[in-house]
Amino acid sequence: MKLADNKATLSFSNGSPSIELPVYQGTIGPDVLDIRKLYAQTDKFTYDPGFLSTASCQSAITYIDGDKGELLYRGYPIEQLATNCNYLDTCYLLLNGELPDPQQKADFEKLVTNHTMVNEQMQFFLRGFRRDAHPMAVLTGLVGGLSAFYHDSTDINNPEHREISAIRLIAKMPTLVAMAYKYGVGQPYQYPQNHLSYAGNFLRMMFGNPCEEYKVNPVIERAMDRIFILHADHEQNASTSTVRLCGSSGTNPFAAIAAGVACLWGPAHGGANEAALNMLYDIQKQGGVEKIGDFIKQVKDKNSGVKLMGFGHRVYKNYDPRAKLMQETCNEVLSAMGLEKDPLFALAKKLESIALEDEYFVSRKLYPNVDFYSGIVQRAIGIPVNLFTGIFALARTVGWIAQLNEMISDPEYKIGRPRQLYTGSPRRDIKR
Ligand code: SDX
């Protein structure tokens, strides 16, 4: 970042001395006011619950232009990556800053492929859960538990440890998500097969069984890979900020990623894809397209607590570019599966068109986000609703790692420790 040819002056009406705040600018996007010395100079904090106006860090990984509906991974538009690259290319790009050349691509794919198995002991972790445990509860436990098997790579300040744990996490997440699914349906785990692609291997671990050979459907394989690309990173969202804050204590990478998994689970964040599909099921049950009007009325009634899940975004005040690509993938998968007339997809498209013309949504700049269509395409692939967020976590692991590594390799980084505006009781003594 560099100093802008601009300064901010903060003055106080009570006569306290005013101070100057440096303004920094990045490559693109809003400038920032540097308030690092504010408390020391004014004995005051800033106040920004939810961090609507706060940049927590500087980063060169992902850029979002909410007004334009633009998403860049290391400068490349998501539309180009989703069309011209695969997920492992995208992982390499997010981790290293450049797309891999053919040799780098081959080496990276080989490295990831050769780390897809997990320690056999991991199976006993799963046995501790009930079969009907939510897969995100299982995944949070499994990812945190991984650190117990890799004491050789838990020093986050060691670049070699960071590199091998990045490979292990990217390689093992599909295996762990598939194990959580198999455990829930009472089927035997499928071991990774090294001749398959990253997405193909995941599909086989999910839907393969020992009784017959599993054939990867290339359309589904490509769709799965694209779903991974679309979810790979998204600047300082809640789960990424969680991973950064958790990692800033110096804890090991597996624990920091487990914290990200736990945060992503929430319905306001990664859990929205599960919530969006359940919302469509509910409208379907109540009568389908004819009931959309009643549902929209409920959403507008603040007391109902009902939200249009998969709509709205803290940053996008235009169409989420990932939602457009996800809708395209939906079309491809549904026609490959002979489900062009899928009633839920038709319902989602109708709901979207009604909402996009409704003043309530237009005035609040509420558009479909990545979660609105992802549930429909995952359901068509055969992924159960309660596993959607697990797929999101699988794909976002590389983004979490890239952001964590960027923070740790910044010589200026410190443990994150926000302050507060205290509104509780002043000092008082216990009277017995
Ligand atoms: C993800 O941050 C990221 O980048 C996240 C993510 C990523 O890749 O990491 O993009 C992934 O989490 C996508 C978002 C998924 N969540 C949902 O789809 C859940 C539904 N969406 C909302 O909960 C909401 O839109 C948020 C949480 C996503 C954003 O909320 P904000 O920015 O805090 O905005 P807000 O809640 O203050 O809403 C502003 C207004 C409010 O109305 P008023 O008080 O002004 O009258 O819009 C309304 C809200 O009530 N509103 C909605 C709505 N979202 C916002 N009303 C109905 N339905 C919605 N979905």
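Predicted model: local features only at pLDDT ≥ 70, side-chain atom pairs only at ≥ 80, totals over all residues.
User: Is Ser 304 buried or exposed, or partly exposed?
Analyst: Ser 304 sits in the loop between helix H13 (292-300) and helix H14 (321-336); helices (H or I, at least four residues) and strands (E, at least two) are DSSP runs, numbered from the N terminus. Buried means under 20% relative accessible area, exposed over 50%, and partly exposed in between (1.4 Å probe, protein chains only). With a relative accessible area of 27%, Ser 304 is partly exposed.

User: Where does the side chain of Asn 201 find a backbone nitrogen at 2.8 Å?
Analyst: Asn 201 belongs to helix H8 (residues 198-207) and is buried, at a relative accessible area of 6%. Leaving aside neighbours within four places in sequence, Asn 201 is in contact (heavy atoms within 4.5 Å) with residues including Thr 116 and Leu 196. The backbone nitrogen that its side chain reaches at 2.8 Å is that of Gln 193.

User: What volume does the largest cavity have?
Analyst: On a 1 Å grid over the protein atoms alone, a cavity is a set of points where a 1.4 Å probe fits but cannot get out, and lining residues have an atom within 4 Å of a point. Grid points are joined across faces, edges and corners, and a volume is the space filled by probe spheres set on the points. The whole structure holds 2 cavities of 30 Å³ or more. The largest cavity comes to about 120 Å³.

User: Which helix gives the largest share of the lining of the largest cavity?
Analyst: The lining includes Thr 175, Ala 178 and Met 179. By class it has 8 nonpolar, 3 polar and 1 charged, where Ala, Val, Leu, Ile, Met, Phe, Trp, Tyr, Cys and Pro count as nonpolar, Asp, Glu, Lys and Arg as charged, and the others, Gly among them, as polar. The largest share, 3 residues, comes from helix H7 (residues 159-185).

User: Which side chain has a polar atom 3.3 Å from a nitrogen atom of the ligand?
Analyst: There are 24 residues around the ligand, each with a heavy atom within 4 Å of it. An oxygen atom of the ligand is 2.6 Å from an N or O atom in the side chain of His 234, and Arg 322 likewise has a side-chain N or O atom 2.6 Å from a ligand oxygen. For the nitrogen atom at 3.3 Å, the side chain is that of Tyr 360.

User: What is the phi of Asp 43?
Analyst: Asp 43 lies in the loop between helix H1 (38-42) and strand S4 (62-65). At 58% relative accessibility, Asp 43 counts as exposed. Although Asp 43 is not a glycine, its phi is positive, at about 60°.

Terms used. Residues numbered from 1 in each chain as written. Heavy atoms only, no water. Polar contact = N/O pair within 3.5 Å; in protein donor to acceptor, adjacent residues only side chain to side chain. 1 Å grid on protein atoms, 1.4 Å probe; cavity = no way out; pocket = protein on both sides within 12 Å on 5 of 7 lines; lining within 4 Å.
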